[in-house]
Each structure stands twice: as structure tokens, then as C-alpha cells.
Amino acid sequence: MRRALRPDWVLLAAFRDGVLLGYAAAQDDGSYLRSGGSHHTAKLHDLYTASVARGQRAGRTLMRGMEAWAQARGARYLFCSANLREATPAYERREYMPGAEVREGYRFFEVDFSERTARQPHPERGS
């Protein structure tokens with residue numbers, strides 16, 4: 001079996017009246033030999049909203065777009081690390097649950113698409 005060395009990436013952007021409000025970048029991490037398709041993952045590398053766009057649903061729209069992209073690619077999980085200052089509270093307001101552990105000022109978040117309501121790390125994966 002051969003796996004591509006370059007992962008598939010996506011970049012989403014939110015605009016209003018020609019002004020960039022935010023962006024999100026992710027990669028399809030694929031499946032792993034040991035777990036097969038049951039643990040196909042996508043990694044959200046960055047999600048940013050401009051300060052003038054915060055509180056206007058741009059971040060929520062970008063995250064929902066990333067979830068839809070990951071699901072369309074067959075991913076079971078979409079995960080990211082979020083800083084403790086701005087990002088962790090923003091994800092928590094959107095009902096994502098972080099893992100318990102904090103690493104170097106970041107928390108681990110994961111959406112498990114096999115369980116429609118699971119926006120928390122799987123107990124055997126997680127942080």
C-alpha cells in the first residue's frame with residue numbers, strides 16, 4: 001500500500017464587502033495502517049477571525065465549513081489544538097469540549113463525526 005507524501009489541504013476564507021474577516025486551514029491526515037478507515041482524521045491547523053469580525057459568526061461559519069469538508073472526505077475525526085487565551089474560550093462557547101490536559105499553553109479539541117453530538121476528545125485518543 002502506498003500513501004501520498006503530500007497531504008490534501010483546504011483553505012477557507014470569510015469575506016464581507018470584499019474585506020477578509022477570517023480564514024481556516026486544514027489537512028486531510030488520512031487513515032492509519034493500524035486502525036484503517038475507522039480513524040481517518042483531519043487536522044485543523046489554523047482558524048483566525050479579524051478582531052472587527054469577532055462575535056459576528058465568521059469563526060463559527062468557518063468551523064462548520066471545516067467540519068463539512070472533513071466529513072465529505074470521509075474523516076471520522078477533526079482535531080486541533082487551541083491556545084488558552086482566545087481560542088479555547090471561543091471553542092467552548094461553541095460547545096466543543098477540550099481534553100483535560102494542557103500542553104505548552106494549548107488544549108486539544110476533537111470532533112467525532114461517528115457520534116453526532118460528540119464535540120469532545122475520544123477517551124482513547126484525546127490529549
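First, the basis. This is a predicted model, in which local features need pLDDT of at least 70 and side-chain atom pairs count only at pLDDT 80 or more, while totals for chains, interfaces and linings use all residues. Residues are numbered from 1 along each chain as its sequence is written, and side-chain values use heavy atoms, with hydrogens and water left out.

On elements: helices (H or I, at least four residues) and strands (E, at least two) are DSSP runs, numbered from the N terminus.

Start with H40. H40 sits in strand β3, residues 36-49. Is H40 buried or exposed? With a relative accessible area of 12%, H40 is buried. The scale here is buried under 20% relative accessible area, exposed over 50%, and partly exposed in between, with a 1.4 Å probe and protein chains only.

What does the side chain of H40 meet? There is a polar contact of 2.8 Å between the side chains of H40 and D28. A polar atom of the H40 side chain also lies 3.5 Å from the backbone oxygen of G74. A polar contact is a pair of N or O atoms within 3.5 Å; within protein, one must be able to donate a hydrogen and the other to accept it, and residues adjacent in sequence count only if both atoms are side-chain atoms. Not counting residues up to four places away in sequence, H40 touches D28, G30, S31, R73, G74, A75, R76 and Y77. Contact here means heavy atoms within 4.5 Å.

T49 is also in strand β3. T49 counts as buried, at 13% relative accessibility. Leaving aside neighbours within four places in sequence, its contacts are L21, G22, R54, A58 and G59.

Next, strand β6, residues 106-112. Five of its seven residues are buried, so β6 is largely enclosed by the rest of the structure. Strand β4 (residues 77-83) pairs with β6 in the antiparallel sense, over seven bridges; two strands pair if DSSP finds at least two bridges between them. In β6, F109 stands opposite C80. Strand β5 (residues 98-103) and β6 also run antiparallel, joined by three bridges. Here R107 in β6 has V102 opposite.

β5 and β6 form a hairpin with two residues between them. In that turn, E104 has a positive phi of about 50° although E104 is not a glycine. E104 counts as exposed at 80% relative accessibility. E95 has a positive phi as well, near 70°, and is a residue other than glycine. E95 lies in the loop between α2 (87-93) and β5, and counts as exposed at 62%.

Last, the rings. How many aromatic pairs does a search of the whole structure find? The search finds four. Rings of Phe, Tyr and Trp (its six-membered ring) pair if their centres lie within 6.5 Å; planes under 30 degrees apart count as stacked, over 60 as edge-to-face and the rest as tilted. One of the pairs is Y23 with Y48, which is tilted, at 6.0 Å centre to centre and 35° between the planes. Y23 lies in strand β2 (residues 19-32) and Y48 in strand β3, so the pair ties together parts that are 25 residues apart in sequence. Y23 is partly exposed at 28%, and Y48 is partly exposed at 40%. Elsewhere, ring pairs link Y91, Y96 and F109 into a cluster.
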